[in-house]
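Welcome, and please take a moment to look over the sequence and the 3D view.

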Amino acid sequence: MASEEVRYCARFSYLFLKFSLVVYSTVFWLIGMFILAIGIYAEVERQKYKTLHGIFLAPAIILILLGILMFVVSFIGVLASLRDNLCLLKVFMYTLGVCLLLELSGGIISLIFRNQTMDLINRNIGRGIKNYYDDLDFKNILDFTQKQFRCCGGKDYMDWKQNQYHECPGIGPQSCGVPYSCCIRNKTDVINTMCGYNAMKLERLNAIKFIYVRGCTDAVIIWFLDNYTIMAGVLLGILLPQFLGVLLCLLYITRVEDMINEWDNSGVLLEEEQSKPEIEFSKLGCCWCYPGEVTTS
């Protein structure tokens, strides 16, 4: 009776882990397809403007790469969990583990070398500012960031000197000025695209009266520090699912390996198979075998 209970519990844990891993992989497989579809749509729209500046940093490209990664890895997880394939299960687990370690390592390195990280971010924003009017994706993102976080430029509002239309001294109506998204205004006000006229000719104390002078890099970091619960939620939302996936896959692999050992020792797959004495079970020597495959002599 005790052995029957143990066998029942083992079978239940196997089915529970299998079902959980299938659901987990399928959910992220669908999410990957959704992200990939959005990325492809965004890239098609972006190509209408024939923008080549910062193509590898374009949001559409990032979404496509992320979608492909999630789609492929999750598909491996779905296939491995459905077929109880130890080789693919380990590939799935190790891939998730490597991604998790890379993200954690990147976060830790960024904190340790935060000054260098800030300089790197500001330099990339500076390159984007140079192509502000040529790269519609970057323009929309920067305009949104400047309005939402009440900031201007990367390091500060003087970064706009790097743009040929806003350089100071310069020629043209926008020279020494900043884009309208840097201006202090009420949401109900009519947009005045020249509200930042000659802002970079003024001292900081005078410019602060009608434009945002602090840089967006500091503004975004300060916002995250002030809203640490949101930051913690974002980090948990990114890291926790991957950790759960690794843990779930590890438990499932252990359960499958235990069942294989039991089959090898007993010579039976299930209790109803005991009437078939001459059964030879797969040793999972290749990536395309799974415990359910049997051959009879």
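UniProt positions are given here in the numbering used for this structure, feature names are shortened, and annotations may be inferred rather than shown by experiment. With that in mind, the unreviewed UniProt entry lists residues 21–42, 54–79, 91–113, 207–225 and 231–253 under "transmembrane region". This is a predicted model, in which local features need pLDDT of at least 70 and side-chain atom pairs count only at pLDDT 80 or more, while totals for chains, interfaces and linings use all residues. Residues are numbered from 1 along each chain as its sequence is written, and side-chain values use heavy atoms, with hydrogens and water left out.

**Overall layout**

- The protein has 8 helices and 2 strands; helices (H or I, at least four residues) and strands (E, at least two) are DSSP runs, numbered from the N terminus.
- Along the sequence, these elements follow the pattern α-α-α-α-α-α-α-α-β-β.
- Of the 297 residues, 34% are buried, where buried means under 20% relative accessible area, exposed over 50%, and partly exposed in between (1.4 Å probe, protein chains only).
- Among contacts with a separation of 6 or more, 66% join residues 24 or more positions apart; contact means heavy atoms within 4.5 Å.
- The accessible surface comes to about 18500 Å², and carbon and sulfur atoms hold 67% of that; such areas come from the Shrake-Rupley method with a 1.4 Å probe, and for residues only the protein chains shown count as cover.

- Residues 21–42 are 100% helix and 0% strand, with end C-alpha atoms 31 Å apart.
- Residues 207–225 are 58% helix and 0% strand, and there the end C-alpha atoms are 26 Å apart.

**Helices α2 and α3**

- The axes of α2 (residues 59–83) and α3 (residues 86–112) come within 8 Å and cross at roughly 145°; axes are lines fitted to C-alpha atoms, for helices over the stretch in contact, and angles run from 0 to 180 degrees between N-to-C directions.
- From α2, Val-73, Ser-74, Ile-76, Gly-77, Leu-79, Ala-80 and Ser-81 meet Leu-88, Leu-89, Val-91, Phe-92, Thr-95 and Leu-96 of α3.
- The residues of this contact divide into 9 nonpolar, 4 polar and no charged; Ala, Val, Leu, Ile, Met, Phe, Trp, Tyr, Cys and Pro count as nonpolar, Asp, Glu, Lys and Arg as charged, and the others, Gly among them, as polar.

**The loop between α5 and α6: backbone**

- As background, most residues other than glycine have a negative phi, and most peptide bonds are trans.
- The peptide bond from Cys-168 to Pro-169 is cis, with omega near 0°, and Pro-169 sits in the loop between α5 (136–148) and α6 (204–207).
- Arg-150, in this loop, has a positive phi near 55° and is exposed, with a relative accessible area of 54%.
- Asn-198 also lies in the loop and has a positive phi near 60°, but Asn-198 is buried at 18% relative accessible area.

- Leaving aside neighbours within four places in sequence, Ser-175 is in contact with Tyr-165, His-166, Glu-167, Gly-170 and Asn-198.
- Lys-161, another loop residue, is partly exposed at 37% relative accessible area.
- With neighbours within four places again left aside, Lys-161 is in contact with His-166, Glu-167, Cys-168 and Met-200.
- The C-alpha atoms of Lys-161 and Lys-130 are separated by 8.8 Å, with the two residues 31 apart along the chain.
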